[in-house]
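Let's work through a few exercises on this structure together. Have a go at each task before you read the solution.

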Amino acid sequence: MTGAPPASPAGPAAGDPAPGDPAPGGATLADVCVVACAEAWRGDGAILASPMGLIPTLGARLAQLTFEPDLLLTDGEAYLLAPGGPGASGGPGAPGGTGAPGSSGGTGASGGERVTEGWLPYRSVFTMVAAGRRHVMMGASQLDRYGNQNISCIGDWARPKAQLLGVRGAPGNTINHPVSYWVPRHSPRVLVERVDLVCGLGYDRAAALGPPGNRFHEVRLVVTNLAVLDFRTPDRAMRLRSVHPGVAVDDALAATGFPLAVPDQVPRTRWPTPGELALLKEIDPAGRREQELRPGSISGNVKGTPK
Amino acid sequence: VDGTQAARGDGIVMGLADVAGRLESGMTIGIGGWGSRRKPMALVRAILRAGLTGLTIVSYAGPDVGLLVAEGRVRRVVSGFASLDSIALEPHFRQARQRGAVEFTELDEGMLHWGLLAAAHRLPFLPMRAGLGTDVMRVNPDLRTVRSPYADGEEFVAVPALRLDAALIHLNRADRRGNGQYLGPDPYFDDLFCLAADLAFMSCEALVPAGRLLESGPPQSLLVNRAMVHGVVEAPGGAHFTSCVPDYPRDEEFQAEYAASAAGPESWPGFRDRYLSGDEDDYQRAVRRFHREREAAQAGKTQAGAASR
């Protein structure tokens, strides 16, 4: 387990197609988003990965099947599930134990099969939160430049225009362990100047809190349908880390309700490897991930899968 | 109900209406389960029938809170969310908030756990990091912080004890004396709800003879003991329409029917009249009728489809 940010995964990969060429292996934007979410957990080791929403869930499973095999994942209720069929050992390193992305594709192990390896009722989840052995990827109805997040309600809290999820576990998550966010519709309505209610703690408020209370606070990544963002700036304001294939830097800036920090060179978010694409076909054979990016789907912004 | 009665073997078994009769308007009532999972819904329906009002409900909220709010029985909800799980937002709670019809103590879900634990341990508060720096502190101006008296000097939220006048829980099995057993994957916080309360009532899917609980599950499934509860009710289907695995899963079709009852101001009276106007047996009959009609409609569609080809 490490608190260090992951090594940059965003550089252009060898063998990229030229602009205008078809995506490698027929990869879609949803596939790119799944892989970008998976990268959030790179380097985390044996901690509980808690993804909310389908694309983060597929990302966490992909990370567990490839470069981050020690991650723990729940079934959304009280069981911990590990890759492996009825006859599989399910132990560390199997499958995909080399740590190379996509290395388990075509090895004969099925990415879709899982075994129960443990038990994690809600009371134990809360203990894992307080112990810091967790990295959650939550949704955000609103998110500001310092990573303050709102999932509770829109408008005045006393009588909201729209009651949404409530604060849920966001205050406890953000003060205790790394947190990332998934935003399926990157727009000025979500990436806002000011959130209506601070549920998840951002960097400006964590700085105001000061040490030692803020020492476990880390907002690691924000993955959207357009880009990957992080907070690696002197004042911990949000920065464009990479743009997805086919997205111009100006598109990402225009879809953001506050000025983004932009490095001189903005890399492109990487494509899935052939091995990752093969695994995605196994763990999401019906292609449900495509629906999460469709306008009108609410799952990413308001679905509150609790673990 | 006293020890003599228990010793005679009658235990502390009572009826749904008896439980409601022990509760009063204005009470603070904790409700076990989580979201739309293993909620003591038959006891909630009994509260509706008894006409209690002005309640403060402490809950990992689901349709328990939704039903009570829809009927205007709740003054304040204490929770971190209100969800039907497969339907992300509890529709009646949502509407009540947007109408300004219910007060809300909005806490991080872990704070709720900590407040129940403090109450169960008879402590005034327990320290916690959750909430620091966030608007949970702004919307709960009574929340205080506390500084560690040791060398670290760290400041924490002092989560106040969530003391309850009464607690309601639903488990899979129980005996007549008040020992209770869960058979699903998660105990939730039902034991803490009971210990945080002055009065605790447990409904169950089935009563089993004393000493026979270990025939249905391992020792650690015995979540609640008879020092924690003041009354036991046998209520088969008592968690409906929430899940009570392994006895039954959530009734998703009926939950959708319930959610539709929040579609507009005219929708709720129809739902109430059809499902909530009688006693618990009437409710269970109305649910069976709902499923029969649903099946008949499906069969009709299939037949019509076949005939048109």
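**Exercise 1.** Look at Glu154(B) and Arg215(A) in this predicted model, and work out what kind of contact their side chains make.

*Solution.* Start with the distance: N to O, it comes to 3.0 Å. Next, compare that with the cut-off, which is 4 Å between a side-chain nitrogen of Lys or Arg and a carboxyl oxygen of Asp or Glu. The pair Glu154(B) and Arg215(A) therefore counts as a salt bridge. Now zoom out: the rule finds five salt bridges across the interface of chain B and chain A. It also finds 24 residue pairs in polar contact there.

**Exercise 2.** Describe the side of chain B that touches chain A, going by residue class and by helix.

*Solution.* First, sort the residues by class: you get 19 nonpolar, nine polar and 15 charged. Then ask where they sit: helix 5 of chain B gives the largest share, five residues. Finally, check the area: the two chains bury about 3600 Å² between them, and 53% of that is on carbon and sulfur atoms. On chain B's side, Arg97(B), Arg129(B) and Pro185(B) lose the most area to chain A, together 16% of what that side buries.

**Exercise 3.** Find out how strand 7 of chain B pairs with strand 5 and with strand 6.

*Solution.* Take strand 5 (residues 125–128) of chain B: it runs antiparallel to strand 7 (residues 155–160), with four bridges. Here Leu126(B) has Val159(B) as its bridge partner. Now take strand 6 (residues 144–147) of chain B: four bridges link it to strand 7, again antiparallel. In strand 7, Glu155(B) stands opposite Arg147(B).

Notes
Residues numbered from 1 in each chain as written. Chains lettered and ligands numbered in written order. Predicted model: local features only at pLDDT ≥ 70, side-chain atom pairs only at ≥ 80, totals over all residues. Heavy atoms only, no water. Pairing = 2+ DSSP bridges. Helix = DSSP H or I, 4+ residues; strand = E, 2+ residues; numbered from the N terminus. Buried area = accessible area lost by both parts, 1.4 Å probe. Polar contact = N/O pair within 3.5 Å; in protein donor to acceptor, adjacent residues only side chain to side chain. Nonpolar A, V, L, I, M, F, W, Y, C, P; charged D, E, K, R; others polar.
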